[in-house]
Amino acid sequence: MDPGTAAHRLRRLLMFSLVVQLGNKCFRCGKEMTSDDFSVAHKVPWLDSEYPVRLFFDLNNVSFSHKKCNVICRIIKRKSKAERLATRRISDKKYREKNPEKYKKQQRKQYLKRKADPGSRDYPKGTAKGERHGHSKITSLDVLEMRRRYSEGETQFSIAVDFGLSRPQIGGIVNRKQWSHVP
Ligand SMILES: [Zn+2]
């Protein structure tokens, strides 16, 4: 048995001993459970609630039920996507009104995260590239010239000597790994 499975089984056995201590009754159907078919259930479904995190970790909201009973309950209680979104919007708004300072801080944090992510809409568009970068030894025109000469058969090494760069740097430029914003 691999260690992950073993640890999982041990956790389940420990949890089941707790179930037995608590009377071993399925929260849904009231019948006895075995260590194989019990599952942890939330009395109030937490995911679609107003306070999902609080409900998820609230021990008073946790009960045990047959796996089967738990699944059936989840399927029945499941809301549509639109309903879930509406609920979330309301809870967001309530949270915002209750903790304006905290909310602001969170928004700021999320914004900074997006700003650092090149795939996001908040990533700065005018980030310095090429010669505007300030550290560059060459210009866009040089890049065009290098690519032209390379395409005409000149070696990367001879171009490198001409522009005072290294051979790998020329390789990066002509293969468009560097200066990729220059056509
Ligand atoms: Zn049951």
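Visitor: I'm looking at this model on the screen. How do helix α7 and helix α8 sit against each other?

Guide: Keep in mind that the model is predicted. As for the general idea, two packed helices are described by the angle between their axes and the distance between the axes. Here, the axes of α7 (residues 156–163) and α8 (residues 167–174) come within 8 Å and cross at roughly 105°. That makes α7 roughly perpendicular to α8.

Visitor: Which residues of α7 and α8 meet there?

Guide: From α7 you have Q156, F157, I159 and A160, and from α8 there are R167, Q169, I170, G171 and V174. Sort the residues of this contact by class and you get five nonpolar, three polar and one charged.

Visitor: Now α6. At what angle do the axes of α6 and α8 cross?

Guide: Read this pair the same way, by angle and distance. Helix α6 covers residues 140–151, and its axis crosses the axis of α8 at roughly 90°, coming within 9 Å. So α6 and α8 are roughly perpendicular to each other. On the α6 side, the contact is made by V143, M146, R147 and Y150, while α8 brings I170, I173 and V174. By class, that contact has six nonpolar residues, no polar ones and one charged.

Visitor: Which residues of α8 are buried?

Guide: They are I170, I173 and V174. Look down the axis of α8 and these buried residues fall within an arc of 90°, so they line one face of the helix. What covers them includes α6 and α7.

Visitor: What does the backbone do just after α8?

Guide: Phi is the angle to look at. Most residues other than glycine have a negative phi, and most peptide bonds are trans. Just after α8, R176 takes a positive phi of about 65°, and R176 is a residue other than glycine. With 13 C-beta neighbours inside 10 Å, R176 counts as partly exposed.

Visitor: And W179, in the segment after α8: is W179 buried or exposed?

Guide: W179 is buried, because 22 other C-beta atoms lie within 10 Å. W179 also has a positive phi, near 55°, and is a residue other than glycine.

Visitor: Let's go to the other end of the chain. How many residues does α1 have, and how far does α1 reach?

Guide: Helix α1 (residues 3–21) has 19 residues and reaches 27 Å from its first C-alpha to its last, close to the 27 Å expected at 1.5 Å a residue. This helix is hardly covered: one of its 19 residues is buried. Just after α1, there's a positive phi of about 110° at G23.

Visitor: Can we zoom out? How many helices and strands are there in the protein?

Guide: There are eight helices and two strands. Walk from the N terminus and the elements run α-β-α-β-α-α-α-α-α-α.

Visitor: How much of the protein is buried?

Guide: Buried residues make up 11% of the 183 residues. For the contacts, take those between residues at least 6 apart in sequence: 45% of them join residues at least 24 apart.

Terms used. Residues numbered from 1 in each chain as written. Predicted model: local features only at pLDDT ≥ 70, side-chain atom pairs only at ≥ 80, totals over all residues. Axes fitted to C-alpha atoms, helices over the stretch in contact; angles between N-to-C directions. Helix = DSSP H or I, 4+ residues; strand = E, 2+ residues; numbered from the N terminus. Parallel < 35°, antiparallel > 145°, perpendicular 65-115°, else oblique. Contact = placed C-beta atoms within 7 Å. Nonpolar A, V, L, I, M, F, W, Y, C, P; charged D, E, K, R; others polar. Expected span 1.5 Å × (residues − 1). Buried ≥ 20, exposed ≤ 12 C-beta atoms within 10 Å, placed from the backbone. Arc of directions from axis to C-beta.
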